[in-house]
Amino acid sequence: MKIKKGFELREVCGEHIIVAYGRENIDFNKVISLNESAKYLWENIVDKDFTAETLASLLCQEYEVDAETAGRDAKALLDEWIKVGLVECS
Amino acid sequence: MKTIIKKLARVLLTPWRRRYQKRNGIVTNQPRHELPNDAWLGEVSQMLREGKPYAIYVKGYSMRPFIEHTRDRVFLEKRDNYNVGDAVLAQIEPGHYVLHRIIEKRGDHLTLQGDGNLRAVETCRVQDVSGVVTQYIRPHRTIPADDPKLVSRIRLWRKLRPMRRFLLFIYNGIR
């Protein structure tokens with residue numbers, strides 16, 4: 001998986017939001033707000049190839065969670081990102 | 001008296017307004033996550049200056065009838081030069097942004113006015129402009145800003161400025 005081209009994390013009024021710029025993303029009409037942990041994951045996988053396992057291990061490194069919970073949360077987040085069209089298969 | 005007429009017109013035109021909203025999938029009273037306007041537009045300006053064209057939802061009614069509140073989006077791009085007739089995103093005072101149309105240009109001084117505004121104008125300099133609308137994104141179609149039909153409509157709308165109050169009165173009743 002990879003984050004699509006033109007998607008960028010920006011900070012507005014203390015909120016971490018994802019915007020999609022460029023002609024190829026003209027149909028993307030959402031602004032996505034990330035919480036702290038999603039932002040942490042985003043920053044560590046931007047411009048990289050990743051899977052749900054990558055996200056889970058990142059979560060385990062930063063937060064005190066067991067592997068099972070981290071795996072579940074990572075999967076849920078990735079599903080959400082796929083659903084809104086943030087990521088593409090590489 | 002004036003408000004009574006306005007309210008009456010609004011009530012009388014309700015069926016047409018409802019039909020229009022239904023046809024265009026407009027849902028009123030829908031909860032929306034909104035960022036403070038000026039902070040958000042400031043960030044968008046920054047993006048445009050970084051050379052990242054971006055499409056935004058437009059809030060407010062000041063660009064009626066060409067841009068409709070929360071229904072339409074506009075695709076903004078940075079240019080080196082802006083001309084009369086361009087709808088631009090500009091900082092009109094520190095931290096305050098508008099998306100209005102250039103109605104006059106003298107050197108690097110610009111006068112802006114919303115299509116749906118009767119008298120209010122804003123002034124700024126060319127360097128306060130961060131981007132121009134290059135595409136009008138409506139629910140079912142996207143119209144490039146240089147579309148000849150659109151350009152002539154915008155020109156006509158300017159010519160009809162003396163009648164704008166009357167035309168908007170009808171338009172606002174339907175929409």
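This is a predicted model: local features need pLDDT of at least 70, side-chain atom pairs count only at pLDDT 80 or more; totals for chains, interfaces and linings use all residues.
Strand β3 of chain A, residues 15–20, is joined to the antiparallel β4(A) by 3 bridges. A:Ile18 is found opposite A:Ile32 of β4(A).

Chain A as a whole contains 3 helices and 5 strands. From the N terminus, its elements follow the order β-β-β-β-α-α-α-β. The radius of gyration of chain A is 13 Å, close to the 12 Å given by the globule rule for 90 residues, so the chain is as compact as a globular protein of that length. Its C-alpha trace spans about 40 × 30 × 20 Å along the principal axes. Of the 90 residues in chain A, 19% are buried. When contacts in chain A between residues at least 6 apart in sequence are considered, 36% join residues at least 24 apart.

Chain B has 5 helices and 8 strands. Along the sequence, chain B shows the pattern α-α-α-β-β-β-β-β-β-β-β-α-α. For chain B the radius of gyration is 17 Å, close to the 16 Å that the globule rule gives for 175 residues, so chain B is as compact as a globular protein of that length. Taken along the principal axes, the C-alpha atoms of chain B fill a box of roughly 45 × 35 × 35 Å. Buried residues account for 25% of the 175 residues in chain B. Among contacts in chain B between residues at least 6 apart in sequence, 53% link residues at least 24 apart.

Strand β7 of chain B, residues 129–137, is mostly covered, with 8 of its 9 residues buried. Several strands of chain B pair with β7(B). Strand β2 of chain B (residues 73–77) is joined to β7(B) by 5 bridges, and the two run antiparallel. In this pairing B:Arg73 stands opposite B:Ile137. Strand β3 of chain B (residues 87–93) is likewise antiparallel to β7(B), with 3 bridges between them. Here B:Ala90 has B:Val129 of β7(B) as its bridge partner. A further 3 bridges connect β7(B) to the antiparallel strand β8 of chain B, residues 142–144. B:Ile137 has B:Thr142 in β8(B) as its bridge partner. Strands β7(B) and β8(B) form a hairpin, with 4 residues between them.

The largest nonpolar core has 39 residues, of which B:Val44, B:Tyr54, B:Val74, B:Leu76, B:Leu89 and B:Ala90 touch the most other members. Two or more residues of this core come from each of β3 of chain A and, in chain B, α3 (37–49), β1 (54–57), β2, β3, β4 (96–106), β5 (109–113) and β7. With residues up to four places away in sequence left out, B:Leu89 touches B:Leu41, B:Val44, B:Ser45, B:Leu76, B:Tyr97, B:Leu99, B:Ser130 and B:Gly131. A second, separate core of 9 residues includes A:Leu41, A:Ala74, A:Leu78 and A:Trp81.

The contact between the chains takes 11 residues from chain A and 13 residues from chain B. On the side of chain A that touches chain B, β2 and β3 of chain A each supply at least two residues. This side of chain A consists of 5 nonpolar, 3 polar and 3 charged residues.

Definitions and conventions:
Residues are numbered from 1 along each chain as its sequence is written. Chains are lettered from A and ligands numbered from 1 in the order in which they are written. Two strands pair if DSSP finds at least two bridges between them. The radius of gyration is taken over C-alpha atoms; the globule rule is 2.2 Å times the number of residues to the power 0.38. A residue is buried if 20 or more other C-beta atoms lie within 10 Å of its own, exposed if 12 or fewer, and partly exposed in between; C-beta atoms are placed from the backbone. Two residues are in contact if their C-beta atoms, placed from the backbone, lie within 7 Å. Ala, Val, Leu, Ile, Met, Phe, Trp, Tyr, Cys and Pro count as nonpolar, Asp, Glu, Lys and Arg as charged, and the others, Gly among them, as polar. A nonpolar core is a set of buried Ala, Val, Leu, Ile, Met, Phe, Trp, Tyr and Cys residues joined through C-beta atoms within 7 Å.
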